[in-house]
Structures are given as C-alpha cells and as structure tokens.
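Morning, everyone. I'll take you through one model in a few minutes, so please have the sequence and the structure open.

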Amino acid sequence: MKKNRLKEKSFKKEASAMKHFFALLLLSLACMAHPQSPYINKVYEYMPAPGQFVNEIPFYDPGDTQQDMNRKAEEYIAGTHHNEGMITLGGFGGYIVFGFDHPVKNIPGKYDFRILGNAFYANDNPNDEASREGGSCEPGIVMVARDDNDNGLPDDTWYELAGSEYHHPQTIYNYRITYYKPDENKPRDPDPEHPFINDRTYIRWTTNGHGNGYLYRNSYHPQSYYPLWVNDETISFEGAKLPDNYVDESGLGLYYVLYACHWGYADNHLNNDNRSGFNIEWAVDAGGKHVSLPDIDFVKVYTGVNQYCGRLGETSTEISGAEDLHLTGRDATVPVFVSGILLEPASAEIQPGETTTLTATVIPHNATQKTVTWKSNPSTVATVNNAGLVTALETGVAIIQAITNDGYYIASSQITVRIPPPPQPVAVTGITLTPEQAHLQTGESLNLTATVTPQDAANKNITWTSSNAGVAEVTVNGRVIAFAAGTTVINAITVDGGHSASCHITVSNKSPVEHTSQPEARAFFTGNTLRLLGLEAHHCVVVTPNGHTCASFRIAAQDETLPWRFAPGFYILVAQKHGERKVFKIIAGNG
C-alpha cells in the first residue's frame with residue numbers, strides 16, 4: 001500500500017510539472033502572438049480610505065458597485081501612462097491592487113518596475129536651510145505577490161518592499177485604523193482660525209492604541225469623503241504607518257512641506273527620478289526577513305501616513321500608472337543608498353583663531369554617493385570648509401552640520417569658542433635647605449641652597465632670618481657671614497604658604513692673631529664718614545650682603561677717616577694683612 005501511495009504521489013508530481021510546462025509553452029506562444037505590455041493590465045481591487053479626493057478621482061456615479069469602481073480605476077491608470085489618468089488612495093491604509101499581463105522579473109541590482117504618482121518639490125519653501133527634496137510627497141507603501149496557486153487572483157502571500165523608513169524607530173507596524181461613516185446632514189463644526197476648514201468633526205477615526213481623531217472637511221471639496229459604494233458603517237485598514245513627513249515651515253499652519261522619504265515608496269519622488277522605481281530584491285516577509293522572489297505578478301500600494309496638513313488636507317497617495325522597466329529599457333542600476341552619517345568629535349572647544357578638524361563617516365562604507373555638504377550656524381562664530389576644517393572666529397557656540405547629498409542625513413557637532421581663563425598659579429608645597437648644618441670660623445661665609453617645591457611654583461620668593469645675628473648674618477640670597485663665636489639658626493621661609501627650612505650654624509674663633517674683636521681694631525660709621533681704628537697697613541674691601549663689591553682701598557694710619565658715599569644700609573668690611581683677616585658689620589644711616 002505504501003509503495004502504491006508513493007507511486008501515486010510521484011505520478012501527481014510529474015503531472016503537475018507537465019501541466020506547468022505546457023502552461024509556460026502556451027504563455028510563450030501567446031506572447032509571440034501578443035507582445036507583452038510594460039503597463040498596468042488590470043486593477044483587481046480599488047479601496048480608498050476616506051479623503052478629500054475620494055468619489056472624484058475616479059468619479060463615483062450613483063449606484064456604482066465595488067466592481068464598477070475597480071473598472072473605473074483601471075480605466076484611469078491601466079495601459080499607456082500617456083492617458084494622464086490618476087486615482088487617489090485617500091488617507092492612511094487606502095489601497096489599490098493591480099497587475100501586468102506578465103510576471104515582472106527580478107533582475108538583481110536593477111530597478112524592476114516603477115509607479116507613477118504626482119509628487120513634486122516646493123520652489124518657494126520659506127525655510128532656505130531645508131532639503132530641496134520636499135513639497136508634496138505623499139508616500140505609499142508598496143507590496144508585491146506571486147501567483148503561487150496559479151488562479152490568476154491576488155490571494156497569495158504579500159511581501160513588503162522595504163524602503164528607507166522600514167527600520168525607522170517611528171515606523172509603527174500592525175497599525176490599524178477604523179473610519180466611521182459620517183452623517184452628511186449633521187451641523188458642521190468650522191474652524192474659526194482657519195476658514196477653509198468647514199467641519200472639524202467630519203469623519204471620526206480610531207486606532208489600536210495610537211490615538212484617535214477626525215478627518216477634517218474643507219471648503220475646496222464639497223462631496224462626501226467616505227467611499228459612497230461602501231454601505232458599511234465603518235471601514236478599517238491595517239499596515240505599517242510611516243513617520244510623519246510634513247513640516248509646517250510657516251509656523252502658522254499655512255505652509256506645509258511634505259518631505260520625501262529617501263527611497264522605496266510610491267508618489268514620493270518625481271516620476272522622472274529613478275527613485276520612483278522599485279527593486280523586487282527589497283521584498284521582506286511579515287517578520288522582516290528578506291525573501292528571494294524570481295518575479296512578481298501583483299502589486300499593492302497603500303497610503304503610508306496618517307497626517308493632516310492645513311490647506312493641503314489629509315496626506316493621500318495618488319497613482320497615475322506603473323510600468324515594467326525591463327520592457328521599457330529604463331531599468332537603471334539601483335545604487336547603494338546612504339543610510340546615515342556620523343560626525344566626530346560630537347563637541348569640541350577651541351580659542352579664536354584656532355582650528356580643529358571634524359571627521360564625517362558616511363554609512364554604509366560602500367554607499368554609491370558619499371558626497372557631504374558642510375554648514376556652520378552661526379558662521380560668525382566659526383566657519384567650516386569642504387574638508388571639515390573648522391576655524392574659530394569669535395567667542396560663542398556654533399553648530400557644525402555634515403549633510404549627505406544622498407538622503408539628506410545630518411550629523412552635528414557643537415563647537416564652543418572661548419578664551420580660556422588664565423591658569424591658576426601653582427602654589428608652593430614645601431622647601432628644603434642644603435646643607436642643614438655647617439661649621440664656620442669668624443670671617444667666613446657660606447652659600448645656602450634653598451629648593452622650593454614644586455618646581456613650577458609661581459612664587460618662589462624666600463625670607464631669610466638668623467636667630468642670632470651677632471653670631472652670623474644671612475643675606476637676601478642665602479649667603480651666611482660669620483661674625484663671632486656661637487650658634488645660630490638660619491631660617492628660609494617661603495612667601496607663598498609660609499613653609500620653612502632651617503640650617504644650624506656653629507661659629508668658632510680663629511687663632512688669637514686672627515681674632516677680629518681686638519680692641520685696637522674697629523670700624524664704624526659716623527656722620528658721612530667711615531672711621532677705621534687699628535687697621536694700619538690693612539687692605540680693605542666693602543661688600544653688600546649679596547656679595548657685590550662697593551669699594552677697595554688700603555689703610556695707611558692707625559686712625560683713619562674716609563668719606564662715605566654709599567646708600568644707607570647694611571655692609572660688610574673685610575680687612576686683611578699678612579693672612580690676618582678681620583670682618584666688620586657696618587650699618588650706614590642717612591647721615
């Protein structure tokens with residue numbers, strides 16, 4: 001029994017293959033007799049959401065059924081695109097399903113088909129800093145399907161052609177909206193601030209947790225906005241809702257600009273722009289996984305946004321035709337689109353006159369068009385060149401932008417230009433003396449070395465003191481001069497912080513013949529003269545405490561008086577004779 005079932009299954013499979021072969025053969029023969037048309041052949045279903053152009057394009061006649069409206073939509077957009085027909089899909093979710101007289105092939109790297117709409121760019125946008133690709137761009141999401149069950153009807157699995165906004169964080173999936181049939185005879189609720197809106201509560205709509213509202217009625221279109229061939233009290237649509245793409249550039253609700261999505265949507269770019277084309281390779285399943293389709297038989301387009309734009313009314317995708325680009329010879333190569341840009345560093349601080357370089361990284365690295373435009377605002381604070389070199393001009397904050405020409409993706413860096421405050425002085429933390437102790441004989445001197453820390457301290461000034469000036473004195477430069485036997489402590493104290501270090505000095509007398517305190521040897525200042533006693537035949541040198549020699553002379557008499565021409569202050573007189581040395585401290589007054 002099992003073998004018989006296997007044979008039966010094999011026979012059915014072979015029969016199906018033969019059936020498919022003959023079907024392809026008949027299709028090939030038919031194509032030879034009737035060449036394939038690149039344009040829409042059939043509209044399978046036309047179901048717009050409520051909107052200001054519904055029941056007008058295509059025009060509804062009383063008594064029209066769904067089949068009548070499908071036929072009218074087909075008459076408007078099927079065949080050559082030169083018929084200038086156009087149909088509206090109304091607000092979010094409104095859709096149309098159409099097909100060609102042949103499967104459209106998926107040729108890798110090529111645009112396979114395009115959908116014609118009526119998108120255009122604004123010429124008088126009041127925001128001159130905005131992207132040029134904005135005006136009336138009403139993006140419609142595109143889905144495709146194959147006739148897998150060979151019944152000629154679009155009842156197979158649908159796949160979305162994932163465009164630039166597919167992974168946008170504000171794109172909402174499984175967005176469901178329900179419109180409620182209006183009472184055309186109810187009292188209207190006009191907007192006092194916008195006279196063109198004559199009913200703010202015209203058609204109510206609700207969503208599955210994403211807000212509720214009304215579709216406004218305006219004075220430009222008096223007909224019913226609800227599809228009149230639909231008898232149901234409600235009509236619902238479900239799909240992916242794209243991020244709002246409108247901006248009120250006037251700030252007053254008077255001038256709305258609908259900016260184009262980067263790529264992958266109907267009625268989104270000009271018809272002569274390659275980005276009105278679609279690549280079947282973009283197809284993804286309901287879980288977002290890419291699928292490989294050799295060709296497609298059916299196309300569905302639905303309005304992908306839910307937004308109201310003042311005088312422009314609701315955003316509604318319009319369709320005027322479609323064509324197989326492989327048959328028209330317009331199947332241009334699909335570029336690698338830019339998907340973002342990074343700018344490093346994100347912030348920097350420089351001084352007037354300085355420069356810094358910003359690095360822009362276009363994503364992905366193999367994007368076809370990686371050109372970047374640089375802008376600075378305000379340029380009076382800092383300028384930027386085409387290589388990202390920023391030059392600071394005056395204090396303030398400038399925002400530097402790197403903008404991709406493909407897709408208008410923007411990355412920013414904040415440049416702060418300021419004059420830095422003067423550096424804080426480095427404080428003294430300590431001091432050491434070398435040596436820390438010493439022995440001297442009367443008349444001798446010693447230079448002490450003071451080391452202030454840290455090395456880059458701002459104020460290294462020192463005050464020197466001697467605890468016993470009669471034994472030894474210290475100069476402002478740390479030179480110790482011994483006068484008499486005894487001990488003293490030399491202190492070095494920093495002016496900054498009062499840190500101190502000490503050196504212990506012991507002074508001893510020389511032999512009696514060199515003793516400087518002999519009663520007959522004296523030197524003292526009186527009046528304007530210097531009187532010297534007991535220094536006959538001595539050679540004398542007068543020096544300042546820092547070692548500078550003021551005078552040098554020889555004494556001829558036991559009692560000699562010399563004129564004093566030096567400024568008041570402290571001086572040291574050293575007298576020498578035959579190796580004998582005497583040292584005197586002289587305090588000179590003002591006369």
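**Loops, cysteines and strand pairs**

Pro435 sits in the loop between strand S29 (430-434) and strand S30 (437-441). Helices (H or I, at least four residues) and strands (E, at least two) are DSSP runs, numbered from the N terminus. Some ground rules. This is a predicted model, where local features need pLDDT of at least 70, side-chain atom pairs count only at pLDDT 80 or more, and totals for chains, interfaces and linings use all residues. Residues are numbered from 1 along each chain as its sequence is written, and side-chain values use heavy atoms, with hydrogens and water left out.

What kind of peptide bond joins Thr434 and Pro435? A cis one, with omega at about -5°. Ile57 and Pro58 are also joined by a cis peptide bond, and there omega is about 0°. Pro58 lies in the loop between strand S1 (42-47) and helix H2 (66-77).

Why mention these? Most peptide bonds are trans, and most residues other than glycine have a negative phi.

Ala537 is not a glycine, yet its phi is positive, about 70°. Find Ala537 in the loop between strand S39 (529-533) and strand S40 (539-543). Ala537 is partly exposed, at 23% relative accessibility. The cut-offs: buried is under 20% relative accessible area, exposed is over 50%, and partly exposed is in between, with a 1.4 Å probe and protein chains only.

His578 is another residue other than glycine with a positive phi, near 50°. Look for His578 in the loop between strand S43 (569-577) and strand S44 (580-588). Is His578 buried or exposed? Exposed, with a relative accessible area of 80%.

Now cysteines. How many disulfides does the structure hold? The count is 0. A disulfide here is a pair of cysteine sulfur atoms within 2.5 Å. Take Cys137: its nearest cysteine sulfur belongs to Cys261, 8.4 Å away. Cys137 is buried, at 0% relative accessible area. Then Cys550. The closest cysteine sulfur is in Cys540, 14 Å off, so the pair is too far apart for a bond. Cys550 is partly exposed, at 27% relative accessibility.

On to strands. Two strands pair if DSSP finds at least two bridges between them. Strand S10 (residues 197-207) and strand S11 (residues 212-218) run antiparallel, joined by 6 bridges. Arg204 has Tyr214 in S11 as its bridge partner. S10 and S11 form a hairpin, with 4 residues between them. In that turn, Gly209 has a positive phi of about 90°.

Which strands pair with S39? One is strand S38 (residues 522-526), antiparallel, over 5 bridges. Phe525 stands opposite Leu530 in S39. Strand S42 (residues 559-563) also pairs with S39 in the antiparallel sense, over 5 bridges. There, Leu532 has Glu560 in S42 as its bridge partner.

Last stop, Leu270. Leu270 is in the loop between strand S14 (256-259) and strand S15 (277-278). Leu270 is partly exposed, at 26% relative accessibility. What does Leu270 touch, leaving out residues up to four places away in sequence? Ala119, Phe120, Tyr121 and Ser276. Contact means heavy atoms within 4.5 Å. Leu270 and Gln576 are 306 residues apart along the chain, and 110 Å separates their C-alpha atoms.
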